[in-house]
Amino acid sequence: MLVCIVAGGASALLGQGSPSPSALQESPVLEGIVFEGDVAVDTATVLLHRVGPGGTGEVDAVPVGPGGEFRFLLPSVPDGDTEGDIYFTSVEWDGVLYFGAGITALEQLDSLYVIQVFLAQEVPQEGLPLALEVRNIFLEFTGEKWVATDAFIIDNPGERTLVAQEGGVVWSYPLPPGATEPELGEGDLPPNAVTFAGGRVLVSAPLPPGGRLLMIRYQLESLGSTIPAPGRTESFELMIREPAPPLRVEGLEPVDVVALGPGSTYRRYGGTELVDVNLILVETAPLGSLPLEWLGLMSTVLLAAGGFLAYARPRQRVAAGQGPGLSREALILEVARIDDALAETVETEPRSEILERRIALLALLRTSD
C-alpha cells in the first residue's frame with residue numbers, strides 16, 4: 001500500500017466536507033491519496049499527528065474517499081527551523097502501522113509526498129538471516145572501558161513487510177563476545193521492539209522492503225576484540241576515536257582519519273562485500289598518539305549537522321523507519337533532511353555515502369544524550 005501525500009492549496013476536499021473559503025485562506029492544506037501497489041485503497045483511515053509547541057499527539061483522522069483520497073487542514077504552519085510545529089501522517093494496513101516523514105516547512109505542501117506501505121509476510125519464529133547494506137562501528141575509550149556505537153542498515157530485499165510471529169523475532173544478530181550493557185540508540189526501530197538476550201540483539205519490529213537503521217550501544221573490556229559479522233555485509237566501517245593504541249584489524253583495511261565534529265577524530269577502517277567473517281582487533285602498542293603509518297592517510301571530513309524524531313505508538317506493530325558545537329536539534333533536523341534525500345533517490349543512484357553520513361550523524365546524536 002502506497003500513501004501519497006500531496007500538499008496543495010484550495011482544491012476540493014477529498015474524504016470529508018469542504019471547508020469555507022476563509023478557512024482555505026487561513027490554514028495550510030495537506031492532501032493525499034492511498035495506494036496498494038497501483039490500486040487506490042478505499043477502506044483506510046489516515047491520521048494526522050503533530051509534534052511541537054502547538055501540542056503533541058494525534059490531531060485528526062479521516063477516512064479515505066472512493067479513490068483513496070484524503071485531506072487535512074493543518075492547525076498551524078509547519079516550521080521546524082524555528083522550533084515550530086511538525087506534522088506527519090500515519091495509516092494502518094494489513095496489521096502494520098506506517099508513518100510519513102515530517103512536514104517541517106510550508107513549501108513541502110507544494111510537492112508530492114509519498115509513503116510506501118506493503119502487505120505483510122510472517123517470518124519463522126527465529127527470524128530471517130537478512131543481509132546488511134551498511135554496518136558502521138564507532139569505538140571510544142571512556143577511561144575504563146571501550147564503548148561501541150554499532151549501527152546497522154538491515155536490508156529486506158523482498159516486496160512485503162516482514163513481521164514476527166507471536167513471541168518470535170524478525171531478525172537477530174550476535175554481539176561481540178564479552179559485550180556488556182547493551183542498549184538501543186537512535187534509529188528507525190521502536191524501543192519496545194528491540195531486546196537483548198543470549199549475546200544477541202533481537203528485532204521484532206516489522207521490516208518493510210529496503211533498508212532500516214538499527215543503532216545499539218555496548219561496552220567492551222578492551223580494544224582487542226573479535227567482532228562477528230555473519231551473513232553478507234555490503235559495506236563495513238570501523239571508526240576508532242583518538243587517542244587509541246596502534247591497531248591491526250584483520251578483515252578490514254585502514255582507510256583514513258576523519259573528524260566527526262570539533263575535537264572528535266576517528267581512525268577509519270573499511271571493507272566491502274564481506275561474507276561470514278570474524279573481524280579480529282589486535283592492539284600492537286600501548287595507548288598513545290596516532291601511529292606513523294596513519295599520517296599518510298589523513299583527511300578531514302567535517303559533518304555540518306542538524307530532522308524529525310520518529311513517532312511510534314506503543315503496543316502496535318509499527319513499520320520501522322517511518323515516522324517523526326553541534327546542537328541536538330541541528331542533528332535531528334539534518335537527519336530528517338537526509339531522510340528526504342533518500343526518499344527522492346532512485347535505486348540506480350549511489351546511496352552508501354548518504355547512508356553512512358546518516359549513521360555518523362545519529363552516532364553524534366547518540367553521544368549528545
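Pro174 stands opposite Arg200 in β17, within a predicted model. Strands β14 and β17 pair in the antiparallel sense over 4 bridges; two strands count as paired if DSSP finds at least two bridges between them. The chain has 3 helices and 22 strands, taken as DSSP runs numbered from the N terminus, with helices (H or I) of at least four residues and strands (E) of at least two.

Residues are numbered from 1 along each chain as its sequence is written, and side-chain values use heavy atoms, with hydrogens and water left out. In this predicted model, local features need pLDDT of at least 70 and side-chain atom pairs count only at pLDDT 80 or more, while totals for chains, interfaces and linings use all residues.

**The sheet of β14, β17 and β16**

- The 3 strands form an open, antiparallel sheet in the order β14-β17-β16.
- Strands β14 and β16 (194-197) stand at the edges with a single partner strand each, so one side of each is left without a neighbour in the sheet.
- Neighbouring strands of this sheet are turned by 20° against each other on average, direction ignored; the axes are lines fitted to C-alpha atoms, for helices over the stretch in contact, and angles run from 0 to 180 degrees between N-to-C directions.

**The sheet of β5, β4, β7 and β8**

- Another open sheet consists of 4 strands with antiparallel pairing, in the order β5-β4-β7-β8.
- Its edges are β5 (57-63) and β8 (96-99); each has a single partner strand, so one side of each is left without a neighbour in the sheet.
- From one strand to the next, the twist averages 25°.
- Strand β7 (residues 86-93) is joined to β8 by 4 bridges, and the two run antiparallel.
- Glu92 has Leu97, in β8, as its bridge partner.

**Strand β22 and its partners**

- Strands β19 and β22 run antiparallel and are joined by 13 bridges; Ala229 stands opposite Val277 in β22.
- Strand β20 is joined to β22 by 4 bridges, again in an antiparallel arrangement, and the bridge partner of Leu247 in β22 is Glu283.
- Strand β21 (residues 253-259) pairs with β22 in the antiparallel sense over 6 bridges; Pro254 has Tyr269 of β22 as its bridge partner.
- The hairpin of β21 and β22 has 5 residues between the strands, and Gly261 takes a positive phi near 120° there.

**Nonpolar cores and burial**

- Of the 369 residues of the chain, 50% count as buried; buried means under 20% relative accessible area, exposed over 50%, and partly exposed in between (1.4 Å probe, protein chains only).
- The chain exposes about 16400 Å², of which carbon and sulfur atoms supply 52%; accessible areas come from the Shrake-Rupley method with a 1.4 Å probe, and for residues only the protein chains shown count as cover.
- The largest nonpolar core has 40 residues, and those with the most contacts inside it are Leu139, Trp171, Leu214, Leu238 and Ile240; such a core is a set of buried Ala, Val, Leu, Ile, Met, Phe, Trp, Tyr and Cys residues joined through side-chain atoms within 4.5 Å.
- Elements giving two or more residues to this core include β11 (132-141), β12 (146-156), β14 (171-174) and β18 (210-220); the largest share, 5 residues, comes from β19.
- Residues up to four places away in sequence aside, Trp171 touches a set that includes Leu132, Phe152, Ile154, Val203 and Leu214, where contact means heavy atoms within 4.5 Å.
- A second, separate core of 16 residues includes Leu30, Phe70, Val91 and Leu109.

**Two aspartates**

- Asp85 lies in the loop between β6 (69-73) and β7, and Asp85 counts as buried because its relative accessibility is 7%.
- The side chains of Asp85 and Ser76 are joined by a polar contact of 2.6 Å; a polar contact is a pair of N or O atoms within 3.5 Å, and within protein one must be able to donate a hydrogen and the other to accept it, with residues adjacent in sequence counting only if both atoms are side-chain atoms.
- Asp276 has its place in strand β22 and is exposed, with a relative accessible area of 57%.
- Leaving aside neighbours within four places in sequence, Asp276 is in contact with Ala229, Pro230 and Gly231.
- Asp276 and Gly231 are 45 residues apart in sequence but 4.9 Å apart in space, C-alpha to C-alpha; the side chain of Asp276 reaches the backbone nitrogen of Gly231 at 2.6 Å.
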